[in-house]
Structures are given as C-alpha cells and as structure tokens.
Amino acid sequence: MLKGTFAERLKTAMDLQGKKQVDLVHIASEKGVKLGKSHISQYVNGKTLPRGDILHFLAETLQVDEEWLMGKEKENQTLGEREMREFKKSSKLHNVLYDVRGPVVDEAERMEDAGMHILKLNIGNPAPFGFKTPDEVIYDMRRQLTDCEGYSSAKGLFSARKAIMQYAQLKKIPNLSIEDIYTGNGVSELINLSMSALLDNGDEILIPSPDYPLWTACATLAGGKAVHYICDEQSDWYPDMEDIKKKITDRTKAIVIINPNNPTGALYPREVLQQIVDIAREHQLIIFSDEIYDRLVMDGEEHVSIASLAPDLFCVTYSGLSKSHMIAGFRIGWMILSGNKKIAKDYIEGIKMLSNMRLCSNVPAQSIVQTALGGHQSVNDYILPGGRIYEQREFIYKQLTDIPGITCVKPKAAFYIFPKMDVKKFNILDDEKFALDLLREKKILVVHGGGFNWHQPDHFRIVYLPRVEVLKESMEKMGDFFSYYHQ
Ligand code: PLP
C-alpha cells in the first residue's frame, strides 16, 4: 500500500469535511486521543502511516471508511447475484492497542519468511534463549499428567492454591484464605478477567505509563478508561505521586502498579509503595499489583508486596511461573485477593462468575505449582553476580550507555531495559518508524516506547535475555545504526 495514496485520500477527506490539520488535533485532544501536530503533518505529507487507533479516529472524524483511507479498494465479493456480507472486528477493539506483537512484528515475520535472520529482542520469553525449566518441574509434571485429564475446580487444584497461599504468607499478604486464590492460564487471563468483572463503561482506572500494555488493552476492552500516570525516569522510574493525585476523578475505581516493572526494570521501595497506599486509602481505590517478576530482583534488594502494607484496602496481587520458572508456554499464573474483602463482595461475585465461566485453568500446569514454589529456586543462580541475567544486564547497560545519544536507568529487576534516545540528535519524531528502520537496516527487533503507552517518541525496550555473545553482536550493530541514524 502506498503512503502517497493514504496522504492523498486523507487530504481529500479533510477537504470534503472542511477540516484543517489543527481542527483534527483539536478534536483528538477533546476525545482524549493522542494526536500531535507533528503526527498529522507527517500523515498529510505522506511520511508515515497512522497506527490502528489513530486511523480509526481519523476515519470516524472524517466520516470515511478505514480501508478506503488506507488506500485499499473495496473488493466486492459476490455470491451469484448477491453481494457477500463482510465480517469486521468488533468496534470494542477500535481503541485497543497491543503493539508488543504489532506492525513491526508483522514486518519481522515478512522478513523471516523471505529468509532473513532477525534477532528478536522484543518478547520476554526465556525458553528460546536457553533458560531451562528446572528438571524437577518437568519430572513432576510427567508423573502427574494422567491425573490431570479432567477439569479442576474453577479456582484451581487445592495443592496449587495451598502452595500459593503459603508463598503469599511469606510475603506478608494479609487476610487471605485458600478461597481467595485463583489460578489462570497465565497472569494474562486473570488481568482480562479482573478488568472485565470490574469496569463499567466510562469507569476510570489508573495505569502506569510506560505500562505492560495488556493492562491498558484489557481495561479498554472492558469499556473502562485507562488513565495513565507518569513514571518518572529522573527518579529511577518510580510513579510520580503528584501526577497520580492530579488524575483521580469521581470515576476512578482503582490503581494498577507493575512492580518489578516491565518495561523499565524498576523495583519500588517500601516508601514509594507506602505513598501509593496512602493515596489509594484517601480516595478509596482498589490496588492491582502485577508482581510476576518478584523473584527476579538483583543487587540484594528485597521485593515488597504492596498488599502487605494495605490490610484495610482491597488488593489483588498477580504472579505466576512464566518468568521465575521459565515456563511461559505452560500458561500458569494466579491472583490473590487480600485485605478488606467486605467492600468488594459484589466485585468478588463477578470474579467468581467469570472464573466459573472459563471452567478452569490448564490443569497439568497447576500440578507443578507446589513443586515450583517449594525447595531450591534455580532462578536465584541467574540473578547473582556470575549468573546469566545479572551479567547480561551489566553488559547491556554498559554497551547502551556507551552509545552517544543513548542514556538509560540501570534496571534492578526483571530482564528489560528501557533506553532513552536523544530525539534532537537523531531527529526522531516517530518511534515506531525508528523500530522499523532498525529492523530493516540491522535486522534487530525491539519494541518502540509507544507500544508501552509511552507518549514521547524517545524510548524503546530491549529484552536482554540472549547470551552475552549475541547481545555483543546486536550492540555493535546498534552502535553503528545510531552513529548515522537521522529521521
Ligand atoms: N505481567 C507482566 C508485567 C508481564 O511482563 C507479562 C509477560 O510478559 C505478563 C504479565 C503475562 O504473564 P503470563 O505469562 O503469566 O501471562
């Protein structure tokens, strides 16, 4: 498809509706759509194409068909005399953004199909990078497989939930029983479930920017309004409390934190968590805490579960085995409801309904939760000096900060780094275009900051799971790329 065609059609549609660029920026801002002057000018001048959510906004505002705007001719399929009915995706998906697997990934797949080798630094999936599941986990799953043929209870097997409960007790999560624990097909399923059970159309929920975009996507899909609060790079990427306070309205129901954080690698200290608890207490908010990286904490730091500081509030804490036990493909995660459950009685009914409706989570994966959570934790060897995750972090941090025009905060946990590009030096106006250019020129796949609901075009995320030798090669290529890149 030609950018020129899009630009021409955009201009035609704007003329027909009598709308100038500034009018579109104005309407976008009123509707809470992020559309800057520089973006619209790039579209009109044929320099770049819009993302799905912006395309939808433009098509809706200019009263034209999205496909027509993108330059596609309508193919009139016919069945005999009759025109065939066309099936479109639900309009509920129009404002849903999930770019971790988005257009840049589509291009990478196209390049791979054409026989090119792409270095994928885009997804936090440990197994392909040689991180092995502990042998005992595999052995125990094999032994129990024939006992896992039927559905389990909707919340999950007793043995799995008991082990999760004991883990939660060690993390000092208050006021919980085994009935407050739900297993899921990964944390992903439970994020979706808990947003669907809570949000009515227009309800607001505070979500970090940058975020793990599934949170924003699920809140939006549920009809809610994701309101992004800033995490401040100048303060080790901790949430900006003033920004949080400014964004609370009568419709705000909850706050989400991701701790340890994806994509920044930040770990929130007790004082920061306490401030969030104080705000949630004052405004009577639910706290959702995504703690899937809680065992991947480096430098001898301790992970604190925010729920342990908030016995009087209603908290939901999420974790799982995808990252700590390198079994992302087995799909096992859980959520723990804790604290003041009386105030959430009706919401918990909703959670139970949705949990029952999906019958249960993957039972073979539940069967190894007890094995995984007890005894020796092989993940600990990865995060100490000499361990792979620790050494790869040291390496990537040094290499990135040696590149002129790139700065970054050293991550304390997980396996992501979120570097900042000097947008003036590289003249970067569009971070998705940067990711595409890097992919096409150096065959390295990263996710641009916009994919994490970060609204400046100045960041990208690297997954530093590959071995140092592979990271070295990619860093040399990246160093070269940034020595000439100018958008
Ligand atoms: N939460 C965060 C912060 C993540 O980074 C991820 C995966 O990358 C998930 C949740 C999803 O995890 P799961 O594999 O348990 O669905």
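Predicted model: local features only at pLDDT ≥ 70, side-chain atom pairs only at ≥ 80, totals over all residues.
Figure 1. Gly115 follows α6. The phi of Gly115 is positive, near 95 degrees.

**Figure 2. The domains and the contact between domain 2 and domain 3.** The domain assignment of the protein gives domain 1 (3–93), domain 2 (99–129 + 381–484) and domain 3 (145–373). The centres of domain 2 and domain 3, taken over C-alpha atoms, are separated by 27 Å. In the contact, 27 residues of domain 2 meet 26 residues of domain 3. On the side of domain 2 that touches domain 3, α17 and β13 each supply at least two residues. Helix α17 gives the most to this side, with three residues. By type, the residues of this side of domain 2 divide into 16 nonpolar, six polar and five charged.

Figure 3. Helix α17 covers residues 388–401. At 1.5 Å a residue, its 14 residues should span 20 Å. The end C-alpha atoms of α17 are 20 Å apart, which agrees. Which residues of α17 are buried? They are Arg388, Ile389, Gln392, Arg393, Ile396 and Leu400. Seen down the axis of α17, the buried residues fall within an arc of 125 degrees, so they line one face of the helix. The face turned away from the buried side carries the exposed residues Lys398 and Thr401. The partners of the buried residues of α17 include two helices, α16 (379–382) and α20 (468–484). Strands β12 (406–407), β13 (416–417) and β17 (460–463) also pack against these buried residues.

**Figure 4. The shell around the ligand.** The ligand is surrounded by 13 residues. The closest are Gly186, Val187, Ser188, Ser322 and Gly333. Which helix supplies the largest share of the shell? Helix α9, residues 186–198, does so, with three residues. The residues of the shell divide into five nonpolar, seven polar and one charged.

**Figure 5. Helix α9, a mostly covered helix.** At 1.5 Å a residue, the 13 residues of α9 should span 18 Å. The end C-alpha atoms of α9 are 19 Å apart, which agrees. Are the residues of α9 mostly covered or exposed? Helix α9 is mostly covered, with ten of its 13 residues buried. Gly186 and Val187 are among the buried residues of α9, and both are also among the residues closest to the ligand. Glu189, Leu190, Ile191, Asn192 and Leu193 are buried too. The list of buried residues in α9 also holds Ser194, Met195 and Leu198.

Figure 6. A cis peptide bond joins Asn259 and Pro260, with omega about -5 degrees. Pro263 is also found in the loop between β8 and α12. A cis peptide bond joins Asn262 and Pro263, and here omega is about 20 degrees.

**Figure 7. Positive phi at Asp299.** Asp299 sits in the loop between β9 (286–290) and β10 (314–320). Its phi is near 60 degrees, a positive value in a residue other than glycine. Is Asp299 buried or partly exposed? Asp299 counts as partly exposed because it has 13 C-beta neighbours inside 10 Å.

**Figure 8. Positive phi at Met326.** Met326 lies in the loop between β10 and β11 (333–339). The phi of Met326 is near 60 degrees, a positive value in a residue other than glycine. Met326 is buried, with 23 other C-beta atoms within 10 Å. The cut-off for a buried residue is 20 or more such atoms.

Key: Residues numbered from 1 in each chain as written. Near = placed C-beta within 6 Å. Helix = DSSP H or I, 4+ residues; strand = E, 2+ residues; numbered from the N terminus. Nonpolar A, V, L, I, M, F, W, Y, C, P; charged D, E, K, R; others polar. Expected span 1.5 Å × (residues − 1). Buried ≥ 20, exposed ≤ 12 C-beta atoms within 10 Å, placed from the backbone. Arc of directions from axis to C-beta. Contact = placed C-beta atoms within 7 Å. Domains from an automatic or database assignment.
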